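Please look over the sequence and the model below before reading on.

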Amino acid sequence: MKVLVVGGAGYIGSVTARRLIDRGAEVIIYDNLSTGHRGAAPRGGLFVEGDLADAARLDSLFKGHPVHAVMHFAAFIQVGESMEAPQKYFTNNVANVINLLNVMLQNGVMRFVFSSSAAVYGEPESVPIEESAPLAPNNPYGETKLMVERVLAWYSKLLGLRYAAFRYFNACGAFKGLGEDHHPETHLIPIVLQAALGQRDAVTIYGADYPTPDGTCIRDYVHVADLAEAHILALTAMEEEPALSLPKRQARGVAKGSLVYNLGNGSGHSVKQVIEVARAVTGRPIKAVEGARRPGDAASLVASSRRAVTELGWRPEYADLAAIVRSAWEWHKEHPRGYQG
Ligand SMILES: NC(=O)c1ccc[n+]([C@@H]2O[C@H](COP(=O)([O-])OP(=O)(O)OC[C@H]3O[C@@H](n4cnc5c(N)ncnc54)[C@H](O)[C@@H]3O)[C@@H](O)[C@H]2O)c1
């Protein structure tokens, strides 16, 4: 089976490509290296440097390769930046995805797996969050994810596209020599580990007055290899989907041929708890300072992934936060300068 992994030189895409290759899939990685790293694209896959805006390039790629399914990871991911430069986000995260979908469909490629985000929920009314919760993004980043989900639902209904959209909670951890290396880094675990390595003086806690037990934000941390596994399960589920009964589809409340799932561990950890776990795992004193809240941060985001568990058979292997932080710590110690060395 040939799978095109768009954004496969990035953090989650590279791990998914690795897992696909390990399972015997033929993988083509298409990436413009805007935020990814050539060294992250796993060996055993074909690497093509290119941009999603380049329809002609994509067209010749599909004409040259019988691609069975496309997995899309190629988005800009910084919530704060999306508030300052929304046009950058709507162009890459929406327009370029539509470009890709249109070229795919013209070439008869009908299966698509999309990296969505918990950001589609905005500030949730209650946790754990079910997929049926109100969709109310409070920043352009989350809005771009929701817009693509809506395009996918219409393309599925009207054009026969089969798709899965995964609303990831906080991706973290490392897998088989592949880890998190974003510039700038905005994610808590790598920031905490950079402080443990002495690359930062301290970790800033953005707000300690939230309505949570210790006042800091609560998130659901999910290992990157578990996210990758869900993508592989989706490939099988997309084959089986037409056989699902009508009541089951209606109960799911989404269009025929589509699969929309939260991916998280269902347990929340506060910023202070993550720092504590990292101190225990690394054995290093990690200094933390309290700062102001950031606009757009929800107090608590915890997933219900019941649907992915029951419908896809998804079983997260790395649910324990200490195990997740340990895997990231091993990677950061071996790659103190990320993919640069
Ligand atoms: N990291 C998280 O915690 C998290 C949480 C929720 C959702 N997501 C989603 O998961 C996906 C992957 O996130 P990540 O952390 O791996 O990001 P990343 O920045 O590490 O990877 C994105 C990759 O896509 C490539 N890319 C971007 N625009 C492109 C374009 N126009 N053409 C070709 N390649 C392009 C980049 O070079 C990079 O290699 C994103 O869609 C993101 O929104 C991530």
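**Helix packing**

Helices H6 and H9 are oblique to each other, a class that takes in angles not under 35 degrees (roughly parallel), not over 145 (roughly antiparallel) and not 65 to 115 (roughly perpendicular). This is a predicted model, in which local features need pLDDT of at least 70 and side-chain atom pairs count only at pLDDT 80 or more, whereas totals for chains, interfaces and linings use all residues. Residues are numbered from 1 along each chain as its sequence is written.

- The axes of H6 (residues 188-196) and H9 (residues 271-282) come within 10 Å and cross at roughly 45°.
- The contact (C-beta atoms, placed from the backbone, within 7 Å) is made by Leu 188, Ile 189, Val 192, Leu 193 and Ala 196 of H6 and by Val 271, Val 274, Ile 275, Ala 278 and Thr 282 of H9.

**Helix H7**

- The 17 residues of H7 (residues 224-240) should span 24 Å at 1.5 Å a residue, and the end C-alpha atoms are 25 Å apart, which agrees.
- H7 is mostly covered, with 12 of its 17 residues buried, that is, with 20 or more other C-beta atoms within 10 Å of their own; among them are Asp 226, Glu 229 and His 231.

**Strand S8**

- S8 runs parallel to S13 (residues 288-291), to which four bridges join it, and Val 203 stands opposite Ala 288 in S13.

How values were computed:
Two strands pair if DSSP finds at least two bridges between them. Helices (H or I, at least four residues) and strands (E, at least two) are DSSP runs, numbered from the N terminus. The expected span of a helix is 1.5 Å times one less than its number of residues. Axes are lines fitted to C-alpha atoms, for helices over the stretch in contact, and angles run from 0 to 180 degrees between N-to-C directions. Two residues are in contact if their C-beta atoms, placed from the backbone, lie within 7 Å.
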